[in-house]
Amino acid sequence: YGTQNINDNGHLSIGQVDAIDLAKTYGTPLFVYDTALFRERAQGFINTFKNAGVKAQVAYASKAFSSVAIYQLAAEEGLSVDVVSGGELYTALKAGFPSERIHFHGNNKSLDELNFAFDSKIGCIVIDNFYEIDALKKLSEARQQRMHVLIRVTPGVEAHTHDFITTGQADSKFGFDLNNGQADRAFKQLQNHPYLELQGMHCHIGSQIFDTAAFSLAAKKLSDKMGEWHKESGFISQVLNLGGGFGIRYTEEDTPLQPAVYVDDMIKAVQQEIAAFSLPMPEIWIEPGRSLVGDAGTTLYTVGSQKVVPNTRNYLAVDGGMSDNIRPALYEAKYEAVIANKINDKLVNTYTIAGKLCESGDKLIEDIALPEAETGDVLAVFCTGAYGYSMASNYNRIPRPAVVFAENGMHQLVVKRESYEDLVKLDLPLTIRKEVNR
Ligand code: LLP
């Protein structure tokens, strides 16, 4: 299980801390992040660029898990961050994250959000559409304030896990189409603006990708466009942002490569193309989310009820479910798990792990082999660090779990468990009364 290990008590240990102790101390459901793993992943990306002698920014795509402490960790590791809302920007700034290393994404940023970005002097806004070009021109002129911008393009390379497809026309709500003249029009509109300083291009081709060829093809397409723009207008792109999407291992079916492999291939693709145009090598930016936090996170649950459906399945119910991990219900995402207090026991039963929410689809794992389970056991579901807590909800008024960081035998609460009081703190009592006829 990576750096998650088995200790002398036969318990799962995360960051050299006993998972059962963590469950006792903080309660369940509980997200536990092994922060050493996050650091290792971050340095993996950063060092690959360093070794290749390529200037880079590795921006943590914080939609995967956003909290004050994770932004602080990201800052410590020398990462940049990508935010997609005023809320993420606010949290990053609250954490003291250096604003010049914050990049702002989104296909419908509000004027308030754009003003907030200018107020905070962030590093870069990734422009998604023509509406935003107009809005940013007006805003920057009114404020007489400069801002670095990138143009987000859809290169017509769509990647999902092992496959990728290339389409002429990109059917995406994000970005300017690279193949039908939209991106060129955006480029023309942004040239020589007194306040908006165009740094280059961005694309993001998908998520949970294992195929380096998809990234390389996107890199090639964007580099070609850079060359074209240079020929036409002398524009020199400073930045090529190739997005995130590096796959991780949720189950044995997943076969991710080392970060270095994806990055080296990308670099090669760019170097090859720009050489043909005799352009200088741009800075390469990437935006990994899942591959930084995904396998660093484990969710601990307490086992409650069981139900045997004769000859069909054994349900094992835990004290969370789709409220803290919507991914199985939403994407049929697969996970692996162990009983953290019976880690050396024989796998004698096949269970379906059910959540506690009022929905038949609230299952976390179907048909997993586990030791004989009892009420009170602690189930650890692996690889829940990305898009788990960040997509959590209060469906059924379930309070959101607490989040703990563990490293080197130390542990610390970084997000408190929601209380019932928290659940009603935004609610207001009824004041409108039904009109009564007298
Ligand atoms: N950059 C951009 C512009 C993105 O849209 C995304 C993810 C990322 C970076 C980070 O991608 P990553 O490295 O984490 O794959 N909720 C889904 C994933 C949605 C991803 C959206 N965009 C899930 O749980 O699988």
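Which residue in β9 is the bridge partner of I125? In this predicted model, the partner is V149.

Between them in the unit comes helix α6, residues 130-143; β8, α6 and β9 form a β-α-β unit that is right-handed.

β9 itself covers residues 147-154, and seven of those eight residues are buried. The strand has other pairings too. Six bridges join β9 to β13, residues 196-202, again in parallel. One place to look there is L150, whose bridge partner in β13 is G200. β9 also pairs with β12, residues 176-177, through two bridges in the parallel sense. On that side, V153 has F176 as its bridge partner. As a general point, side chains in a regular strand alternate between the two faces of the sheet.

Next, helix α9. This helix has 18 residues, 259-276, and at 1.5 Å a residue the span should be 26 Å; the end C-alpha atoms are 27 Å apart, so the two figures agree. Its buried residues are P259, Y262, V263, M266, I267, A269, V270, E273 and I274. Looking down the axis of α9, those buried residues fall within an arc of 160 degrees, and therefore line one face of the helix.

What do the buried residues of α9 pack against? The list is α2 (35-52), α8 (212-233), β15 (239-241), β16 (283-286) and α10 (290-293). On the other side of α9, A275 and A276 are exposed. Just after the helix, S278 has a positive phi of about 40 degrees.

Last item, K63. An unreviewed UniProt entry annotates K63 as "modified residue: N6-(pyridoxal phosphate)lysine". That label comes from the record, and the annotation may be inferred rather than shown by experiment. In the model, K63 sits in the loop between β5 (56-61) and α3 (68-76).

Is K63 buried or exposed? K63 counts as buried, because it has 20 C-beta neighbours inside 10 Å, and the cut-off for buried is 20 or more. Leaving out residues up to four places away in sequence, K63 touches V84, E88, G289 and S390.

Technical notes. Residues numbered from 1 in each chain as written. Predicted model: local features only at pLDDT ≥ 70, side-chain atom pairs only at ≥ 80, totals over all residues. Helix = DSSP H or I, 4+ residues; strand = E, 2+ residues; numbered from the N terminus. Expected span 1.5 Å × (residues − 1). Buried ≥ 20, exposed ≤ 12 C-beta atoms within 10 Å, placed from the backbone. Arc of directions from axis to C-beta. Contact = placed C-beta atoms within 7 Å. Pairing = 2+ DSSP bridges. Right-handed = clockwise from strand over helix to strand, strands pointing away.
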